[in-house]
Amino acid sequence: KAIGEPEISQIADSLGHFLRMTLNKKERFTLKQELDIIHYYMTIQQLRFDNRLNFTESIPDACLDAQVPKLSIQPLLALEQITDECIINLTCVYSQGLMQIYVKNSGSEFPDDLLENLRTHKIREQGLGIALLNIEERIQLMFGQQYGLHFYNENDFAVVKMEIPYVKDDYRG
């Protein structure tokens with residue numbers, strides 16, 4: 001299907017919002033701000049891949065004001081190319097001060113020990129690999145070494161689990 005004027009307008013609008021938010025100088029966002037970036041990004045990707053991309057999310061309202069490193073979730077949704085239908089689910093589970101944010105993607109598969117192999121250069125750091133190491137480092141700088149990313153495969157989905165503490169964003173700047 002060819003992209004027409006309405007789709008081009010929607011892509012331009014989403015891209016403009018996406019770029020404005022990513023150029024924000026803050027190092028941390030609320031989860032709500034990160035979700036706004038994700039929505040603009042997924043709008044572009046859904047138009048790009050026509051009906052082959054199905055994105056769903058389930059985020060508790062109580063978590064929307066939590067701090068997250070800026071651009072820590074959106075890169076986990078990155079898509080290079082899809083040929084078949086791709087399902088991406090974004091969920092957040094909150095319990096006893098800990099948030100677990102899951103990105104599940106039916107169009108990917110992770111090799112075993114992905115982060116360790118990236119750190120030790122057993123897997124070449126390119127594009128997404130560099131981003132994954134960067135996200136892990138920023139999470140640990142912000143919250144401590146006990147937090148970070150976990151990668152695994154489950155029921156035909158590649159799964160990224162981000163574990164971070166719930167820290168309410170009271171910063172107004």
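Here is a short chat about a sheet, a helix and a pocket in a predicted model.

Author: Residues are numbered from 1 along each chain as its sequence is written, and side-chain values use heavy atoms, with hydrogens and water left out. In this predicted model, local features need pLDDT of at least 70, side-chain atom pairs count only at pLDDT 80 or more, and totals for chains, interfaces and linings use all residues.

Reader: How do you know that strand 4 and strand 5 pair?

Author: Two strands pair if DSSP finds at least two bridges between them. Strand 4 (residues 86–95) and strand 5 (residues 98–105) have eight bridges, in the antiparallel sense, so they count as paired. Leu 90, for instance, has Val 103 in strand 5 as its bridge partner. Strands here are DSSP runs (E, at least two residues) and helices are too (H or I, at least four), numbered from the N terminus.

Reader: What makes strand 2 and strand 6 edge strands?

Author: The open sheet runs 2-4-5-7-6, with mixed pairing. Strand 2 (53–58) and strand 6 (148–154) each pair on one side only.

Reader: Which strands does helix 2 touch?

Author: Helix 2 (residues 31–48) packs on the sheet and touches strand 2, strand 4 and strand 5; contact means heavy atoms within 4.5 Å.

Reader: Which residues line the second largest pocket?

Author: Glu 27, Arg 28, Pro 69, Glu 137, Arg 138, Leu 141 and Met 142. Lining residues have an atom within 4 Å of a point on a 1 Å grid over the protein atoms alone, and a pocket is an open set of points where a 1.4 Å probe fits, with protein on both sides within 12 Å along at least five of seven lines. Helix 4 (residues 128–143) gives the most to that lining, with four residues.

Technical notes: Axes are lines fitted to C-alpha atoms, for helices over the stretch in contact, and angles run from 0 to 180 degrees between N-to-C directions.
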